[in-house]
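Please look over the sequence and the model below, and keep both in view while reading the report that follows.

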Amino acid sequence: ESYNILKKAKSADRDSRMENEIELSIRVGDVYALLVEFYTSQQDHERAYNLIENMRDKNIVLDYYLDKSLVETVFTQMGIPLDDKQEDEDAIGEDIGEYN
């Protein structure tokens, strides 16, 4: 019986550690957003733009992680027109991608 108690205790400890790891984890979009904000603050708009494009490629919803004004600043500084329709299509694709 003491073996079963020990086994249950180890299982509970493992479950507790898994819950803590989940709480400590961060979303990929959060990391991208921090990097985009950092590179924009450093006037490195090319890197910020490339990160935004990587977010799109990974189907990360831009509007959830980045302020529209930040995205507009990056695109303006890169001389790239920001197409609202393209953003809407990306957001739809990203929402669908979350359920795959």
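In which helix is the place of Val-31? Val-31 lies in helix H2, which covers residues 28-41; helices here are DSSP runs (H or I) of at least four residues, numbered from the N terminus. This is a predicted model, in which local features need pLDDT of at least 70 and side-chain atom pairs count only at pLDDT 80 or more, while totals for chains, interfaces and linings use all residues. Residues are numbered from 1 along each chain as its sequence is written, and side-chain values use heavy atoms, with hydrogens and water left out.

**Helix H2**

H2 has 14 residues and reaches 20 Å from its first C-alpha to its last, which is close to the 20 Å expected at 1.5 Å a residue; the expected span is 1.5 Å times one less than the number of residues. Its buried residues (buried means under 20% relative accessible area, exposed over 50%, and partly exposed in between, with a 1.4 Å probe and protein chains only) are Gly-29, Tyr-32, Ala-33, Val-36, Tyr-39 and Thr-40. Seen down the axis of H2, these buried residues fall within an arc of 135 degrees, so they line one face of the helix; the arc is that of the directions from the helix axis to the C-beta atoms. In general, an α-helix has 3.6 residues a turn, so residues three or four places apart point the same way.

**Aromatic pairs**

The structure holds three aromatic pairs, where rings of Phe, Tyr and Trp (its six-membered ring) pair if their centres lie within 6.5 Å, and planes under 30 degrees apart count as stacked, over 60 as edge-to-face and the rest as tilted. Two of the pairs are set out here.

| Pair | Centres apart | Planes | Type |
|---|---|---|---|
| Phe-38 and Tyr-39 | 5.3 Å | 65 degrees | edge-to-face |
| Tyr-64 and Tyr-65 | 4.9 Å | 80 degrees | edge-to-face |

Phe-38 is partly exposed, at 42% relative accessible area. Tyr-64 counts as exposed at 56%, whereas Tyr-65 is buried at 19%.

**Loops with positive phi**

Most residues other than glycine have a negative phi. Gln-43, however, has a positive phi near 65 degrees, and its place is in the loop between H2 and helix H3 (45-57), where Gln-43 is exposed, with a relative accessible area of 58%. Asn-59 also has a positive phi, of about 60 degrees, although it is not a glycine; Asn-59 lies in the loop between H3 and helix H4 (62-65) and counts as partly exposed at 39% relative accessibility.

Key:
Helix = DSSP H or I, 4+ residues; strand = E, 2+ residues; numbered from the N terminus.
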